Amino acid sequence: MNNIPTMTKNLLIVNFLAFAATWILELRGIDLSQLLGLHFFLASDFHFYQFFTYMFLHGGFTHIFFNMFALWMFGSVIERVWGPKKFIFYYIICGIGAGLTQEIVQYANFSIQGLSAYHYVNAGGIQMTTDAYINLWTTIGASGAVYGILLAFGMIFPNERLFIIPFPFPIKAKWLIVGYIAIEIISALGQNDGVAHMAHLGGMLFGFLLIRYWQKHPDSSQRFGRSRGQEFFENMKRRYDQRQQDQRNNRMHAEETQRRRETDEEYNARKRQNQEEVDAILDKIRKSGYDSLTKEEKKKLFDQSRES
């Protein structure tokens, strides 16, 4: 954790604490997702603070694991490029932008399909008010902000090659972003799978607009830069190379230790046995010729000649 930049580390801690709190409070009958998740703005339980709080809640271990893995992997780099203040501002804007996008999409769906579904349900003899219907929509998760971080990485390091799910081969960051955008659009147009795909795209959209604004209005006092992010990759490579070298050294040390454990008496006994086997092979050659040797005997004789 010491190598993780301050804001990225704090975001990881807060998200995992919120996840633990959700699980603990659920055992006590308190649904934190309902209290702090982002509800549809026409619902009676909607509050403006939910645009902020929803991005720290997650629906399950897989949900939070992949979000936090991506935050650690890409957020660590982006924070080194921008610095902690600019990074956390960008993260929050992407998260709020994702929430706004989700609200707009939900309003469109409600206008087109919601009332029809509402009337259909009531026509079937099941009484369901409009408010009860829209109260069903709740959004949670840091995915919108994380997708914004992913976009930032692709814009800053477009040619950096990455190996990441779902692509089975290394791919440049810029094409990775294009691929994820295509996947989210296709998923959003498909059957409802319970994932806020438009929120993911919204996080990217707000991130793109913010980055374009910063590019047109650069901060001359910025003490951070692309080289700080590149340094992160170089440090990762150095640590990987060092681990590989340490493993080789440990393997060689273990082999040397094993050799040293053999006593002089054991060594001499092994040498005598080898010499007796070689003498027997040579005696066989004198009596029956070289062609009479088995494959194993020929190999034994060859190995002995190399050691001599």
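**Figure 1. Overview of the protein chain.** The protein chain holds 12 helices and four strands; helices (H or I, at least four residues) and strands (E, at least two) are DSSP runs, numbered from the N terminus. This is a predicted model, in which local features need pLDDT of at least 70 and side-chain atom pairs count only at pLDDT 80 or more, while totals for chains, interfaces and linings use all residues. Residues are numbered from 1 along each chain as its sequence is written, and side-chain values use heavy atoms, with hydrogens and water left out. Of the 308 residues in the protein chain, 35% are buried. Here buried means under 20% relative accessible area, exposed means over 50%, and partly exposed lies in between (1.4 Å probe, protein chains only). Among contacts (heavy atoms within 4.5 Å) between residues at least 6 apart in sequence, 69% join residues at least 24 apart.

**Figure 2. The largest nonpolar core.** A nonpolar core is a set of buried Ala, Val, Leu, Ile, Met, Phe, Trp, Tyr and Cys residues joined through side-chain atoms within 4.5 Å. The largest one has 51 residues, and those touching the most other members are Leu71, Phe74, Ile78, Trp82, Tyr90, Tyr91 and Phe153. Two or more residues of this core come from each of helix H1 (6-27), helix H4 (61-82), helix H5 (84-123), H7, helix H8 (173-189) and H9. For a closer look at Ile78, follow its contacts with Gly83, Phe87, Ile149, Ala152, Phe153 and Ile156, not counting residues up to four places away in sequence.

**Figure 3. Helix H7 against helix H9.** Two packed helices are described by the angle between their axes and the distance between the axes. Helix H7 (residues 143-156) and helix H9 (residues 197-216) pack at about 45°, and their axes are 7 Å apart. That angle makes H7 oblique to H9; angles under 35 degrees count as roughly parallel, over 145 as roughly antiparallel, 65 to 115 as roughly perpendicular and the rest as oblique. The axes are lines fitted to C-alpha atoms, for helices over the stretch in contact, and angles run from 0 to 180 degrees between N-to-C directions. The crossing of H7 and H9 is right-handed; a crossing is left-handed if the near helix is turned anticlockwise from the far one by less than a right angle, and right-handed if clockwise. On the H7 side, look for Ser143, Gly144, Tyr147, Gly148, Leu150, Leu151, Ala152 and Met155, which meet Ala199, His200, Gly203, Met204, Gly207, Phe208, Ile211, Arg212 and Gln215 in H9. By class, the contact of H7 with H9 has nine nonpolar, seven polar and one charged residues. Ala, Val, Leu, Ile, Met, Phe, Trp, Tyr, Cys and Pro count as nonpolar, Asp, Glu, Lys and Arg as charged, and the others, Gly among them, as polar.

Figure 4. Gly203 is found in helix H9 and is buried, with a relative accessible area of 0%. Leaving out residues up to four places away in sequence, Gly203 touches Cys94, Ala98, Gly144 and Gly148. Gly203 and Thr101 are 102 residues apart in sequence, with 8.1 Å from C-alpha to C-alpha. Phe208 also lies in helix H9, but counts as partly exposed at 38% relative accessibility. Beyond its neighbours within four places in sequence, Phe208 is in contact with Leu151 and Met155. The C-alpha atoms of Phe208 and Met155 are separated by 8.7 Å, and the two residues are 53 apart along the chain.

Figure 5. H7 and H8 pack at an angle of about 145°, with their axes 8 Å apart, and their crossing is left-handed. Tyr147, Leu150, Leu151, Phe153 and Gly154 of H7 make this contact with Ala173, Lys174, Leu176, Ile177, Tyr180 and Glu184 of H8. By class, the contact of H7 with H8 has eight nonpolar, one polar and two charged residues. H8 and H9 pack at an angle of about 145°, with axes 8 Å apart, and this crossing is left-handed. Ile177, Tyr180, Ile181, Glu184, Ile185, Ser187 and Ala188 in H8 meet His197, Met198, His200, Leu201 and Met204 in H9.
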